[in-house]
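Subject: Structure for you to look at

Hi,

Here is the structure I promised to pass on. Please open it first, then read my notes below.

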Amino acid sequence: MGTRPWLAAVFLLPALVLLGALVVYPIGYSVYRSFFDASGNGFVGLDNYQEMFSDDATKTAIKNNVIWLILAPTVSTALGLIFAVLTERVRWATAFKLVVFMPMAISMLAAGIIFRLVYEQDPDKGVANAMWVSVHDSFSESPPFPGAHPRPTAGLTEAPNGSFTTKDTVRAGSPTSLPLVAAKRGDISGAQDAKAATPEPGKVTGTVWFDFTRGGLGKEGAIDKGEKAMADLKIEAVKDGKVVARAKTAADGTYSLPAKAEGAQLRLPAWNFSEPYNGVDWLGPSLVTPAIIGAYVWIWAGFAMVLIAAGLAGVPRELMEAARMDGANEWQVFRRITVPMLAPVLSVVVVTLMINVMKIFDLVYIIAPGPSQDDANVLALQLFQSSFGTDVNQGLGSAIAVLLLLLVLPVMFINIRRIRRESRR
């Protein structure tokens, strides 16, 4: 049967029309538009490209895109490889793969909202900081009364570091009371009622309590009925700038220091009143980009795992068994046989993720808060802001689009060459 070129053209025509309308024309128009000013009427030549490379926001976007290009595909592929190899050795491999791959079913928008909550600064809301604070608090004490401080008439002076020291020295057998205010209700609720300290010969005693009565009916500096004790406060006796004794307040607010504290000044260290540890500022200027990359890896590691697992299923098992019989350990089998045999699959995964990463937009736009969005900026986001943001300049936006195309093209050519090379085998 002879060839019928016109018949092939008829079948290809709808696809070619769509390709021209949705790909070729937008690319051509973007290149054309990049040579005009914001209004689209004045020809400016290469001015938009010059402005693009002199703009700090675009420089930051290019730098972040490089970070994304290096970290995101590498980490996702490495995790996918580890998961694919390990799932061959666990009983519930299918269930594990399903759980790891499940984030792929979530849209980038939904994933961005999820991780915006995960990275919330408040440990009571953000999962990441809740875990981080739990680990931190396992190895260090939390301050008992953040924000509390003495009354101005309590006879204590505040040091620049936030500690409070009595103006007068203390004497054994004469209790020294330390009234405090401004404690948070949650820190005081459930505390015992304060108790006046009993004088003890040869010891410095006293009480630290929350000097506040509802309705303002209490007397300042005196322990009124119902006023709460402040337990677990650290107290130091200081002589000539040196700490000679330490104590902690009991559940009823009382404390007791040995005889060597006589003639010293009492100091309440700043630790007692410092704000509790609230974790890491994941979405701050320094960590926002790695944090968003973490969200990306959570989504795409499952994709990498599935492709690599499919490639791993085709690796001849007799090669691995022969290597083991020759005395190779598991690491050597993995490094010398598994990885080289999976090289074509790994290259597919890496190249696919690199193309995907170059166009990343939605995760950055959703997760990065307003103050940190400039620090997390990427080219696709800068393209959106330049074209449709507050200072609309579609000429500059088109120039960024052309730059993004030029950056993606080499990766696409590498992928095409790889496909052609494999088709010849």
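Start with aspartate 240. At 81% relative accessibility, aspartate 240 counts as exposed, because the cut-off for exposed is over 50%. Keep in mind that this is a predicted model. Aspartate 240 sits in the loop between S6 and S7. Its phi is positive, near 50 degrees, and the residue is not a glycine.

Strand S6 covers residues 234–239 and strand S7 covers residues 242–248. The two run antiparallel and are joined by 6 bridges. Which residue stands opposite valine 238 in S7? It is valine 243.

Aspartate 232 also has a positive phi, of about 65 degrees, without being a glycine. This aspartate lies in the loop between S5 and S6. Aspartate 232 has a relative accessible area of 45%, so it counts as partly exposed.

**The sheet**

Five strands make it up, in the order S2-S3-S9-S6-S7, with antiparallel pairing. S2 (156–158) and S7 are at the edges. Each has a single partner strand, so one side of each lacks a neighbour in the sheet. On average, neighbouring strands here are turned by 30 degrees against each other, direction ignored. As background, strands of a sheet pair through backbone hydrogen bonds, either parallel or antiparallel.

S2 pairs with strand S3 (residues 164–166) over 3 bridges, in the antiparallel sense. Leucine 156 stands opposite threonine 166 in S3. Is threonine 166 buried or exposed? Threonine 166 has 6% relative accessibility, so it counts as buried; the cut-off for buried is under 20%. Setting aside neighbours within four places in sequence, threonine 166 is in contact with Gly155, Leu156, Leu178, Gln265 and Leu266.

**Lysine 228**

Lysine 228 is another residue in the loop between strand S5 (204–210) and S6. Its relative accessibility is 26%, so lysine 228 counts as partly exposed. Its side chain makes a polar contact of 3.2 Å with the side chain of aspartate 193. Which other residues does lysine 228 contact, leaving aside neighbours within four places in sequence? Besides Asp193, they are Ile188, Ala191, Gln192, Ala194, Trp209 and Phe210. Take tryptophan 209. It is 19 residues from lysine 228 along the chain, and their C-alpha atoms are separated by 5.9 Å.

**The helices and the UniProt record**

Next, the annotation. The unreviewed UniProt entry lists "transmembrane region" at residues 66–86, 98–119, 295–316, 337–355 and 396–416. I looked at two of these spans in the model. Residues 66–86 are 100% helix and 0% strand, with end C-alpha atoms 30 Å apart. Residues 295–316 are 86% helix and 0% strand, and their end C-alpha atoms lie 35 Å apart.

Helix H3 (residues 56–86) packs with helix H11 (residues 343–358) at an angle of about 145 degrees. Their axes are 9 Å apart. The crossing of H3 and H11 is right-handed. Which residues meet there? From H3 they are Asn65, Trp68, Leu69, Ala72, Pro73, Ser76, Thr77 and Leu81. From H11 they are Leu346, Val349, Val350, Leu353, Met354, Val357 and Met358.

**Arginine 417**

Last stop: arginine 417, in helix H15 (residues 394–423). Arginine 417 is at 60% relative accessibility, so it counts as exposed.

Best wishes

How values were computed
Residues numbered from 1 in each chain as written. Predicted model: local features only at pLDDT ≥ 70, side-chain atom pairs only at ≥ 80, totals over all residues. Heavy atoms only, no water. UniProt positions renumbered as here; feature names shortened; annotations may be inferred. Helix = DSSP H or I, 4+ residues; strand = E, 2+ residues; numbered from the N terminus. Pairing = 2+ DSSP bridges. Buried < 20%, exposed > 50% of the residue type's maximum accessible area, 1.4 Å probe, protein only. Contact = heavy atoms within 4.5 Å. Polar contact = N/O pair within 3.5 Å; in protein donor to acceptor, adjacent residues only side chain to side chain. Axes fitted to C-alpha atoms, helices over the stretch in contact; angles between N-to-C directions. Left-handed = near helix turned anticlockwise from the far one by under 90°.
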